[in-house]
Amino acid sequence: MGFSLTAAQADAVLSALKQDYRVYAPKRFPKQGRYSDTDVVKYAEVDRFADIVWDVKSDYPAKEVITPIQQAIFYFTEDEYRASKAKEKPILLLARPCDINAQQIQAKIYAGNGGYEDLYYKRVRDLVKFAVMECNGGDDTCFCVSMGSNKTDDYALALKFSPDGVQVQVTDDAFARYFEGMPETGYTPAFVEENQLKVTVPDLEDKAVRLALKSHPMWKEFNSRCISCGACTVACSTCTCFTTRDVIYGDNPEVGERRRVTASCQIAGFDQMAGQKEFRSTAGDRMRYKVLHKFHDYKARFGDRHMCVGCGRCTHRCPELISISATVNKVSAAVEEIKASMANQ
Ligand code: SF4
Ligand code: SF4
């Protein structure tokens, strides 16, 4: 079923949907951007069709709807605690194909990791249905095609926006009633087939190559360039690391809440253990860990794909202009160099 709606018709459908769903989409927050007088585009509940930002990629990923940067996991007093309550209203999440594919990756980590299922992830994820936003090609940091995350069939609705309205494909019968009486059309979504940017994913199957790569001089460059701020991982569509923090409500230190808070493997001290031992004590070590985790380790553990959907948000947010695509291409070149040197020995 396909429909072609004007902006006014889209507003009417959105109002009806909001009776039954919390509808989240990229939304513009004026003057909250990184530089003065710039905006930030991030996920929030939308009330009007005009709130939906469809013509540029959001600065922050759709994952924030499911796993917010911080959330209360339980409340405590001196002698008891209570888990935080989940909202029950279903969620309709408007997202580009890369963000939807990122959720396949997050699901493996949160719900399929050693048989342990994360309650706080699952209780929100089970409420979510996706509306895929047809991507207009992304920007000069996107490489979804290289990562195979440019397409998805995990959606209840597909949407193609224009300044005048939106075309819709309904694939989930539960949504058909919201479009009754709307003008029909034969719309089906198109997916991006080529990005301006291409990334060569390194072949890291060989353990001897991986060990040689570990001490390659390319990582040292990040010691002076990366300031270990963690902005890249906060903006990443797939990163899942978190820590916990207690917030005390008043004078009594035994009454408060425990929050789950996003953490970053790029920040000094992330892997500090008892005795102050750190396994990755330089920015270069931490960058190597992040890149190899995303382009080898995750796939080695979970099997199907790499832990990067090529959304480019980490490149976009890095204050030091460190590009993940350039870094991965550099890793690929280093791997070829290592293999050639091994072959000549
Ligand atoms: S590593 Fe960068 S490009 Fe890859 S999913 Fe994360 S933010 Fe997107
Ligand atoms: S790569 Fe960039 S965003 Fe990430 S920690 Fe380093 S300086 Fe910060």
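Predicted model: local features only at pLDDT ≥ 70, side-chain atom pairs only at ≥ 80, totals over all residues.
Me: Why is Arg 125 called buried?
Reply: Buried means under 20% relative accessible area, exposed over 50%, and partly exposed in between (1.4 Å probe, protein chains only). Arg 125 has 18%, so it counts as buried.

Me: Where does Arg 125 lie, and what does Arg 125 touch?
Reply: Arg 125 lies in helix H4, residues 119–125. Helices (H or I, at least four residues) and strands (E, at least two) are DSSP runs, numbered from the N terminus. Contact means heavy atoms within 4.5 Å. Leaving out residues up to four places away in sequence, Arg 125 touches Ile 66, Gln 103, Phe 130 and Asp 154.

Me: What makes E8 and E9 a pair?
Reply: Two strands pair if DSSP finds at least two bridges between them. E8 and E9 have six bridges, in the antiparallel sense, and Ser 162 stands opposite Gly 165 in E9. The two strands form a hairpin with two residues between them.

Me: How do you know that E7 and E8 pair, and in which sense?
Reply: Three bridges join E7 to E8, and they run parallel. One to look up: the partner of Met 133 in E8 is Leu 159. Likewise, E2 (residues 22–29) and E6 (residues 91–95) run parallel with three bridges, and Arg 22 has Ile 91 as its bridge partner in E6.

Me: What is the strand order in the open sheet, and why is one side of E1 and E3 left without a neighbour?
Reply: The order of the seven strands is E1-E9-E8-E7-E6-E2-E3, with mixed pairing. E1 (2–6) and E3 (40–45) stand at the edges with a single partner strand each, so one side of each has no neighbour in the sheet. The twist averages 25° from one strand to the next; axes are lines fitted to C-alpha atoms (for helices, over the stretch in contact), and angles run from 0 to 180 degrees between N-to-C directions.

Me: Which strands does H1 lie across?
Reply: H1 (residues 7–20) lies across E1, E2, E3, E6 and E9 (165–170), running at about 110° to E1.

Me: What makes a set of residues a nonpolar core?
Reply: It's a set of buried Ala, Val, Leu, Ile, Met, Phe, Trp, Tyr and Cys residues joined through side-chain atoms within 4.5 Å. The largest here has 27 residues, and Leu 5, Leu 92, Leu 94, Leu 157, Phe 175 and Phe 179 touch the most other members. H1 gives the most to this core, with four residues.

Me: What surrounds ligand 1, and how do the residues of its shell divide?
Reply: A residue is near a molecule or strand if one of its heavy atoms lies within 4 Å of it. Around ligand 1 are residues including Phe 143, Lys 294, Cys 308 and Ile 324. Ala, Val, Leu, Ile, Met, Phe, Trp, Tyr, Cys and Pro count as nonpolar, Asp, Glu, Lys and Arg as charged, and the others, Gly among them, as polar. The shell divides into seven nonpolar, three polar and one charged.

How values were computed:
Residues numbered from 1 in each chain as written. Chains lettered and ligands numbered in written order. Heavy atoms only, no water.
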